[in-house]
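Trainee: I would like to learn how to read a structure like this one, feature by feature. Could you take me through it slowly?

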Amino acid sequence: MTCTIIVGGFFGDEGKGKIVAHIAHQDNPTIIARGGVGPNAGHTVQVGDRQYGVRMVPSGFVYPDARLCIGSGVLVDPRVLLNELDTLDAHRRCFVDFRCGIIEEEHILRDKASDHLRETIGSTGTGCGPANADRVMRTGRLARDLPELQPYLLDVPAAVNAEIENGNSVLLEGTQGFGISLYYGTYPYVTSKDTSASQIAADIGVGPTVIDDVVVVFKAYPTRVGEGPFSTEMSHDESTALGLQEFGTVTHRERRIGAWDGEMARYSAMINGCTQAAITGIDKVDHACAGVTEFRRLSPRAKEFLRDAEADIGRPITLISTGPELSQIIDLRAEYCT
Ligand code: GTP
Ligand code: IMP
Ligand code: MG
């Protein structure tokens, strides 16, 4: 039974949602809790023909047998949350820590009206930066103050740690990615909080000594939305020629696309304390690998890419995603089991 953290190794949108959903179905966690900034995140999970996009509810929701928790470090936009709970019919199994910070309409207005945040940084306009600023100034509201959130309130760390004590598996999901961490990313072109595994543990209230695994998710072709340096960025013509266009889940902005960045992968694996890595988008390295579920069926080109990426990361690549759909994955974790 394990306590696993899943975080993004590049600039966000690495496909953490899909990896979390897969691990959940394999490991049968009793709780899936999310950390990270707030509704600036957009996780996509595709099951069969159905595609879901979630911003507040943990992306493990497609696994039906776990309680879904939002950790105290996360900012909650009650409008977004209650909407998603309606859409997903998840009212009875989703819980919010009573200490979560709240995004109010006014935070969204401030985010959108600020030239600095919207234009210079390229924020998502979801109110996260201003709400975290108020939280730091100790003027913000908390989840426990809102009547509409009363039915969902929980002491999330107590619930998560009780499951761990009882020998059950729990999944702690991160959002955003290493390159947009307030501490370790390309400041000032970053989000309003650290995004590394230690922060995700703190967001959910789990101490470092009880974490068994840190899965860092990298995408074969990293992407970045918003402004800021991106050393391996390709020209638009180059990425289009490779068929690599992507659009954001939250803002629908076109994502900037780059080539694999080995140096960043290694540094990010170090700061995250990576124990295993997941690589998404192997079908983009070689279209012949789309939907493959066995390692031996990958093409020589894909295997070479993975060998080089593993050398960069310095940790085993145990999950290889070969397409957006939940079942399109190669899971080698059992082979690396200690
Ligand atoms: P943030 O928390 O916002 O950082 O998002 P995320 O890491 O959950 O990723 P997001 O869902 O925003 O973006 C990943 C995109 O890649 C989605 O459209 C996924 O459906 C898609 N995706 C995930 N894995 C694969 C894969 O192996 N191949 C392809 N082609 N697409 C994938
Ligand atoms: P903010 O978090 O909305 O303030 O945005 C700050 C920067 O982080 C901008 O460049 C955003 O595009 C980026 N960002 C925030 N959340 C995500 C995410 O979930 N995925 C990718 N980029 C993000
Ligand atoms: Mg996303």
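Mentor: What follows goes through the ligands, the metal site, some backbone angles and a helix in turn. This is a predicted model, in which local features need pLDDT of at least 70 and side-chain atom pairs count only at pLDDT 80 or more, while totals for chains, interfaces and linings use all residues. Residues are numbered from 1 along each chain as its sequence is written, chains are lettered from A and ligands numbered from 1 in the order in which they are written, and side-chain values use heavy atoms, with hydrogens and water left out.

Trainee: Which residues come nearest to ligand 2?

Mentor: A residue is counted as near a molecule if one of its heavy atoms lies within 4 Å of it. Around ligand 2 there are 15 such residues, and Asn40, Thr124, Thr191, Val225 and Arg253 come nearest. By class, this shell holds six nonpolar, seven polar and two charged residues, where Ala, Val, Leu, Ile, Met, Phe, Trp, Tyr, Cys and Pro count as nonpolar, Asp, Glu, Lys and Arg as charged, and the others, Gly among them, as polar.

Trainee: Which atoms of valine 225 and threonine 191 lie by an oxygen atom of ligand 2?

Mentor: A polar contact is a pair of N or O atoms within 3.5 Å; within protein, one must be able to donate a hydrogen and the other to accept it, and residues adjacent in sequence count only if both atoms are side-chain atoms. For threonine 191, an N or O atom of the side chain is 2.6 Å from an oxygen atom of ligand 2, whereas for valine 225 a polar backbone atom is 3.0 Å from an oxygen atom of the ligand. The protein buries 97% of the 470 Å² that ligand 2 exposes when taken alone, with areas from the Shrake-Rupley method and a 1.4 Å probe; for residues, only the protein chains shown count as cover.

Trainee: How many residues surround ligand 1?

Mentor: There are 23, and the closest are Asp13, Gly42, His43, Thr44 and Ser321. A polar backbone atom of glycine 42 is 2.7 Å from an oxygen atom of ligand 1, and an N or O atom in the side chain of aspartate 283 is 2.8 Å from a nitrogen atom of the ligand. Taken alone, ligand 1 exposes 670 Å², of which the protein buries 90%. By class, the shell around ligand 1 has two nonpolar, 14 polar and seven charged residues.

Trainee: Which residues coordinate the magnesium ion?

Mentor: Donors are N, O and S atoms within 2.8 Å of the metal (3.2 Å for Na, K and Ca), and water is not among the atoms, so sites may look incomplete. The magnesium ion, ligand 3, is coordinated by Asp13 through OD and by Gly42 through O, at 2.0 to 2.2 Å. This pair links distant parts of the chain, 29 residues apart, with aspartate 13 in the loop between β1 (3-8) and α1 (16-27) and glycine 42 in the loop between β2 (31-34) and β3 (43-47). Helices (H or I, at least four residues) and strands (E, at least two) are DSSP runs, numbered from the N terminus.

Trainee: Is glutamine 176 buried or exposed?

Mentor: Buried means under 20% relative accessible area, exposed over 50%, and partly exposed in between (1.4 Å probe, protein chains only). Glutamine 176 counts as buried, at 8% relative accessibility, and lies in the loop between β10 (170-173) and α7 (197-204).

Trainee: What should I look for in the backbone angles?

Mentor: Most residues other than glycine have a negative phi, and most peptide bonds are trans. Glutamine 176 has a positive phi of about 60° although it is not a glycine, and arginine 138 likewise has a positive phi of about 60°. Arginine 138 is exposed, with a relative accessible area of 73%. The peptide bond from tyrosine 187 to proline 188 is cis, with omega near 5°.

Trainee: Why is α7 described as largely enclosed?

Mentor: Six of its eight residues are buried, so α7 is largely enclosed by the rest of the structure. The buried residues are Ala197, Gln199, Ile200, Ala201, Asp203 and Ile204. Contact means heavy atoms within 4.5 Å, and what covers these buried residues includes β1, β2 and β10.
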